[in-house]
Amino acid sequence: MVDAVYDRDHASKSLGIVIEQDEPGQATATMTVTEPMLNGHGIAHGGYVFLLADTAFAYACNSYGPVTVAQSGQVTFLRPAALGDELVARATERDRFGRNGIYDVTVTRADGAVIAEFRGQSRQTQT
C-alpha cells in the first residue's frame with residue numbers, strides 16, 4: 001500500500017519525506033528541515049511539522065486498504081526544530097470503530113527530544 005500511495009504523494013516526495021510502515025495502524029515518516037522550511041524566527045515553521053505528523057497519520061490510517069481521510073487533526077508544539085534537524089514522526093493507532101479511527105503521532109528530533117504531539121481522527125470513505 002505504501003508504495004502505491006507514495007507514487008502519487010507529490011507533497012511528501014517534494015519535501016523529501018520518507019515513509020516506513022511495519023504493520024497495520026502504524027507508520028513512521030522522516031524529514032530533514034531545510035532552509036525553505038524556516039520561519040521568520042529561524043526555526044522550522046509549524047506548518048511543516050504539522051505536515052510531517054499528518055503524513056505519518058495518513059499512512060497509518062490507510063494501512064488497512066480502504067481509502068481513509070483526515071476528519072480532524074490537532075497539534076501541540078513542544079520544542080523548536082532547527083535547520084538540518086532530522087525529524088521523525090511515529091504514528092500509532094489508538095482505536096478504530098466503524099469507519100472512524102483515532103491516531104497519535106509523536107514528532108521527535110534525532111536526539112530524541114519531542115518536538116510535537118499530534119492527534120488525528122480519521123474517517124473511511126464510503127465505497
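Predicted model: local features only at pLDDT ≥ 70, side-chain atom pairs only at ≥ 80, totals over all residues.
Reader: What secondary structure does the protein chain have, and which pattern does it follow along the sequence?

Author: The protein chain comprises three helices and six strands. Read along the sequence, their pattern is α-α-β-β-α-β-β-β-β.

Reader: Why is the protein chain called as compact as a globular protein of its length?

Author: The radius of gyration is 14 Å, and the globule rule gives 14 Å for 127 residues; the two values are close, so the description applies. The C-alpha atoms fill a box of roughly 45 × 30 × 25 Å along the principal axes.

Reader: What makes β1 and β3 the edges of the sheet?

Author: The six strands form an open sheet in the order β1-β2-β4-β5-β6-β3, with antiparallel pairing. β1 (18–20) and β3 each have a single partner strand, so one side of each lacks a neighbour in the sheet. From one strand to the next, the twist averages 20°.

Reader: How do you know that β5 and β6 are paired?

Author: Pairing requires at least two bridges between the strands.

Reader: Why is T68 called buried?

Author: Buried means under 20% relative accessible area; T68 has 9%, so T68 qualifies. T68 lies in strand β3 (residues 68–77). Not counting residues up to four places away in sequence, T68 touches C61, N62, S122, R123 and Q124.

Reader: What makes the pair formed by P66 and T68 a polar contact?

Author: The limit for a pair of N or O atoms is 3.5 Å. The backbone oxygen of P66 lies 3.1 Å from a polar atom of the T68 side chain, so the distance is within that limit.

Reader: Which residues of the largest nonpolar core touch the most other members, and which element gives the most to this core?

Author: The core has 27 residues, of which V49, L52, L87, V105, V107 and I115 touch the most other members. The elements giving two or more residues are β2 (26–32), α3 (46–61), β4 (86–97), β5 (100–109) and β6 (114–124). With eight residues, α3 gives the most. Beyond its neighbours within four places in sequence, I115 is in contact with residues including V49, L87 and V107.

Definitions and conventions:
Residues numbered from 1 in each chain as written. Heavy atoms only, no water. Core = buried A, V, L, I, M, F, W, Y, C linked by side-chain atoms within 4.5 Å. Buried < 20%, exposed > 50% of the residue type's maximum accessible area, 1.4 Å probe, protein only. Helix = DSSP H or I, 4+ residues; strand = E, 2+ residues; numbered from the N terminus. Contact = heavy atoms within 4.5 Å. Polar contact = N/O pair within 3.5 Å; in protein donor to acceptor, adjacent residues only side chain to side chain. Axes fitted to C-alpha atoms, helices over the stretch in contact; angles between N-to-C directions. Rg over C-alpha atoms; globule rule 2.2 N^0.38 Å.
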